[in-house]
Amino acid sequence: MNGKIFIIEDEPSIIQLVQHNLEKNGFLVSSSLNGNDGLKELKKFQPDLLLLDWMLPDLSGIEICKNIRKDNNFKNLPVIMLTAKGEEEDKIKGLDSGVDDYLTKPFSFNELMARIKAVLRRSNPNTVSDNLKFDDLMLDRIEKRVFRDGQEIKLGPTEFRLLEFFLTNPKRVYSRDQILESVWPNNVNVESRTIDVHIRRLRQSVNLKNKKELIRTVRSSGYSLI
Ligand code: CA
């Protein structure tokens, strides 16, 4: 499983616990302790899902949710609101603001994981599936194998991660910086040239004879899976 999750929550202990467990489950996680920083950071991070605390020192979760819904890039971002007990009445207001689901504190990580999976499955079936598919391409995340039209394609580990990344969001154009952050999360010294080299290798591997091109170069923007 993978995907990017952003957390806005003012209790460091919750962030720590949730972040640690999500990372163990293969998610890329970033977080913020208040609403204003959270709004800025999340726009840079481009998450697949937002975990949002209801009561924050500056903005409320609802205000944040309303704010991001105005932004075209985040109109459909799945949001799970973390609420404290006794905020039931406010839940109804929350639903109007475009929150996808709720979780009342204290919650177990398993509960949270179940909600995250359900919400992600609704918004992007590829994010939680073991097999990623696009056109005649299939990537098996468990066995780490790739097939095109039934024929196995051998990829190096970096090319595999690149393809996995593209398959979680087909047709979306990614800049080299976005690719770098997601595919080489711990290495800031990778040059954009290196990305081009791996893209070229990936392209050569998946473009079997008589098959159509699957990776598109978008001039001055980046790359996308067709
Ligand atoms: Ca709080």
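Start by selecting the donor residues of the calcium ion, which follow the spacing D-x42-D-x1-M in sequence. Asp10 (OD), Asp53 (OD) and Met55 (O) coordinate the calcium ion at 2.2 to 2.4 Å. Donors here are N, O and S atoms within 2.8 Å of the metal, or 3.2 Å for Na, K and Ca; water is not among the atoms, so sites may look incomplete. Asp10 sits in the loop between β1 (4–8) and α1 (12–24), and Asp53 in strand β3 (residues 49–53), so this pair ties together parts that are 43 residues apart in sequence. Helices (H or I, at least four residues) and strands (E, at least two) are DSSP runs, numbered from the N terminus.

Before moving on, a word about what is on screen. This is a predicted model, in which local features need pLDDT of at least 70 and side-chain atom pairs count only at pLDDT 80 or more, while totals for chains, interfaces and linings use all residues. Residues are numbered from 1 along each chain as its sequence is written, and side-chain values use heavy atoms, with hydrogens and water left out.

Now colour the two aspartates by accessibility. Are they buried or exposed? Asp10 is partly exposed, at 29% relative accessibility, while Asp53 is buried at 3%. Buried means under 20% relative accessible area, exposed over 50%, and partly exposed in between (1.4 Å probe, protein chains only).

Next, select Gln19, which lies in helix α1. Gln19 has a relative accessible area of 18% and is buried. Show its surroundings: apart from residues up to four places away in sequence, Gln19 touches Ile7, Val29 and Ser31. Contact means heavy atoms within 4.5 Å.

Axes are lines fitted to C-alpha atoms, for helices over the stretch in contact, and angles run from 0 to 180 degrees between N-to-C directions. Where they meet, Val18, Asn21 and Leu22 of α1 touch Phe109, Leu112, Met113 and Ile116 of α5. By class, this contact has six nonpolar, one polar and no charged residues. Ala, Val, Leu, Ile, Met, Phe, Trp, Tyr, Cys and Pro count as nonpolar, Asp, Glu, Lys and Arg as charged, and the others, Gly among them, as polar.

Ile142 is exposed, at 61% relative accessibility.

Then go to helix α6 (residues 157–168) and helix α7 (residues 176–183), whose axes come within 10 Å and cross at roughly 115 degrees. How do α6 and α7 lie to each other? They are roughly perpendicular. To see the contact, show Thr158, Arg161, Leu162, Phe165 and Phe166 in α6 together with Gln178, Ile179, Ser182 and Val183 in α7. These divide into five nonpolar, three polar and one charged.

Finish at Ile195, in helix α8 (residues 192–206). Ile195 is buried, with a relative accessible area of 1%. Leaving aside neighbours within four places in sequence, Ile195 is in contact with Arg176, Ile179, Leu180, Trp184 and Val190.

Key
Angles under 35 degrees count as roughly parallel, over 145 as roughly antiparallel, 65 to 115 as roughly perpendicular and the rest as oblique.
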